[in-house]
Amino acid sequence: MNIIDESEVKILEAPDTLIIRNAQDALELLMNGNYLGTRKILLKEENLQPDFFDLKTGLAGDILQKFSNYDGYVAIVGDYAKYTSKSLKDFIYESNKQGRINFVSTKADGIEILRQRIEKD
């Protein structure tokens, strides 16, 4: 795992080999970040099980609920134009609007969004 120290804001970048398959995996990643001094996580689309992007499975809701419950922030870098599901597009829009879960197109965008988030002490 890589810690990005951006303007005195720590961000945990998940390694390419990490695949989050369920809510417990997400919680463990968040707790690892917390141990390293941050609740801000940068993921790539590839770090998520493909079922994550099929909202009918409930996986996205389960995983992202962990970030909400444990006061974490996440930016997920990917190309979301390839997904045609209106419900997924609405989910991405609403998540980005809320600010805790962010779907972004570049690593730089993810870092910038996470850098702006204020963590509670």
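User: Contact means heavy atoms within 4.5 Å, so which residues is Ile101 in contact with, leaving aside its neighbours within four places in sequence?

Analyst: Before the answer, please keep in mind that this is a predicted model, in which local features need pLDDT of at least 70 and side-chain atom pairs count only at pLDDT 80 or more, while totals for chains, interfaces and linings use all residues. Residues are numbered from 1 along each chain as its sequence is written, and side-chain values use heavy atoms, with hydrogens and water left out. With those neighbours set aside, Ile101 is in contact with Leu64, Phe67, Val74, Ile76, Ser95 and Asn96.

User: And which strand does Ile101 lie in?

Analyst: Ile101 lies in strand S5, where helices (H or I, at least four residues) and strands (E, at least two) are DSSP runs numbered from the N terminus. Ile101 has a relative accessible area of 8%, so it is buried; buried means under 20% relative accessible area, exposed means over 50%, and partly exposed is in between, using a 1.4 Å probe and protein chains only.

User: What about Ile76, what does that one touch?

Analyst: Not counting residues up to four places away in sequence, Ile76 touches Leu43, Lys44, Glu45, Leu48, Phe52, Ile101, Asn102, Phe103 and Val104.

User: How many residues are in the largest nonpolar core?

Analyst: That core has 24 residues, and those with the most contacts inside it are Leu43, Phe52, Phe67, Ile76 and Phe103. A nonpolar core is a set of buried Ala, Val, Leu, Ile, Met, Phe, Trp, Tyr and Cys residues joined through side-chain atoms within 4.5 Å. Two or more residues of this core come from each of helix H1 (23-35), strand S3 (40-44), helix H2 (59-69), strand S4 (73-77), helix H3 (86-98) and strand S5 (101-104). The largest share, 5 residues, comes from H2. There is also a second, separate core of 9 residues, which includes Ile11, Leu42, Tyr73 and Val104.

User: Let's stay with H2 then, which of its residues are buried?

Analyst: In H2 the buried residues are Leu59, Ala60, Ile63, Leu64 and Phe67. They line one face of the helix, because they fall within an arc of 110 degrees when seen down the axis of H2, the arc being that of the directions from the helix axis to the C-beta atoms.

User: And what do the buried residues of H2 pack against?

Analyst: They pack against H1, S3, S4, H3 and S5.

User: Where is Asp71 found?

Analyst: Asp71 is in the loop between H2 and S4, and it has a positive phi of about 55 degrees although it is not a glycine. Its relative accessibility is 16%, so Asp71 counts as buried.

User: Is Gly72 buried or exposed?

Analyst: Gly72, whose place is also in the loop between H2 and S4, counts as buried because its relative accessibility is 0%. Not counting residues up to four places away in sequence, Gly72 touches Leu30, Arg39, Phe67 and Arg100. The C-alpha atoms of Gly72 and Ile101 are separated by 8.6 Å, although the two are 29 residues apart along the chain.

User: New topic: what volume does the largest pocket have?

Analyst: Its volume is about 170 Å³. Rolling a probe the size of a water molecule over the atoms shows where empty space is left. On a 1 Å grid over the protein atoms alone, a pocket is an open set of points where a 1.4 Å probe fits, with protein on both sides within 12 Å along at least five of seven lines, and lining residues have an atom within 4 Å of a point. The volume is the space filled by probe spheres set on the points, with grid points joined across faces, edges and corners.

User: Which residues line the largest pocket?

Analyst: The lining is made of Gly61, Leu64, Gln65, Ser68, Phe91, Glu94, Ser95, Gln98, Gly99, Arg100 and Ile101, and the elements that give two or more residues to it are H2 and H3.

User: Is Gln65 buried or partly exposed?

Analyst: Gln65, in helix H2, has a relative accessible area of 40%, so it is partly exposed. Gln98, found in helix H3, has a relative accessible area of 64%, which means that it is exposed.

Key:
Contact means heavy atoms within 4.5 Å.
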